[in-house]
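Welcome, and thanks for taking a look at this one with us. Please have the sequence and the 3D view open side by side as you read.

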Amino acid sequence: AQEDAIRKLMTVDYDKAENAGDVAAKMLLYAPDAVLLPPQGAIVSGEAAVRAWHVTSYKEAKLQVTSTVREVRIFGDAATATGTYSGTMTTTAGGAPQKLTGKFLALVRRQKDGSWKIAQEIWNTEPPPK
């Protein structure tokens with residue numbers, strides 16, 4: 001049941017918020033002290049910074065992605081989820097959609113209410129978008 005909840009968090013819930021460009025929905029997936037390690041970017045740490053990063057990201061591009069979790073490892077109240085994603089990215093500046101494929105690693109933590117939230121996330125795109 002715990003592994004299923006983590007898989008749902010990192011695929012169904014994540015993809016729905018990402019594809020909608022919904023910052024509020026995306027923030028519900030993160031722990032308040034979350035850390036992002038985006039490709040070609042600085043470390044993003046804490047709720048306000050993570051929110052601002054998503055606001056900027058969603059203004060710059062629209063994503064349509066599907067994520068797949070390849071492995072979940074649970075260590076008490078923490079777990080890792082590794083996987084891949086693919087889809088398209090269309091910049092708001094215009095142009096044709098670009099194919100997008102990549103991989104991710106997320107550290108998730110069980111919250112006091114029993115839910116799982118993303119505590120740290122790192123991902124990369126292959127090859128990096130132009």
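Here is a short tour of the core, the strand pairing and the pocket. Please keep in mind that this is a predicted model. Its largest nonpolar core has 29 residues, and its largest pocket has a volume of about 730 Å³.

**Nonpolar core**
- Ile6, Leu9, Met10, Tyr30, Val50, Val108 and Ile118 are the residues with the most contacts inside the largest core.
- Elements that give two or more residues to this core include the helices α1 (2-20), α2 (23-27) and α3 (47-60), along with strands such as β1 (30-37) and β6 (116-125).
- Strand β3 supplies the largest share of the core, with five residues.
- Leaving aside residues up to four places away in sequence, Leu9 touches Tyr14, Leu29, Val108, Trp116, Lys117 and Ile118.

**Strand pairing around β1**
- Four bridges join β1 and β6 in the parallel sense, and Tyr30 stands opposite Ile118 in β6.
- With β2 (residues 44-45), β1 pairs in the antiparallel sense over two bridges; here Leu36 stands opposite Val44.
- β1 and β2 form a hairpin with six residues between them, and Gln40 in the turn has a positive phi of about 50°.

**Largest pocket**
- Of the 30 residues that line the pocket, Pro39, Trp53, Ser57, Leu63 and Trp123 lie nearest its centre.
- Helix α3 gives the largest share of the lining, six residues; α1, β3, β4, β5 and β6 are also among the elements that give two or more.
- By class, the lining holds 17 nonpolar, eight polar and five charged residues.

Key
Residues are numbered from 1 along each chain as its sequence is written. This is a predicted model: local features need pLDDT of at least 70, side-chain atom pairs count only at pLDDT 80 or more; totals for chains, interfaces and linings use all residues. Side-chain values use heavy atoms; hydrogens and water are left out. A nonpolar core is a set of buried Ala, Val, Leu, Ile, Met, Phe, Trp, Tyr and Cys residues joined through side-chain atoms within 4.5 Å. Buried means under 20% relative accessible area, exposed over 50%, partly exposed in between (1.4 Å probe, protein chains only). Contact means heavy atoms within 4.5 Å. Two strands pair if DSSP finds at least two bridges between them. On a 1 Å grid over the protein atoms alone, a cavity is a set of points where a 1.4 Å probe fits but cannot get out, and a pocket is an open set with protein on both sides within 12 Å along at least five of seven lines; lining residues have an atom within 4 Å of a point. Grid points are joined across faces, edges and corners, and a volume is the space filled by probe spheres set on the points. Ala, Val, Leu, Ile, Met, Phe, Trp, Tyr, Cys and Pro count as nonpolar, Asp, Glu, Lys and Arg as charged, and the others, Gly among them, as polar.
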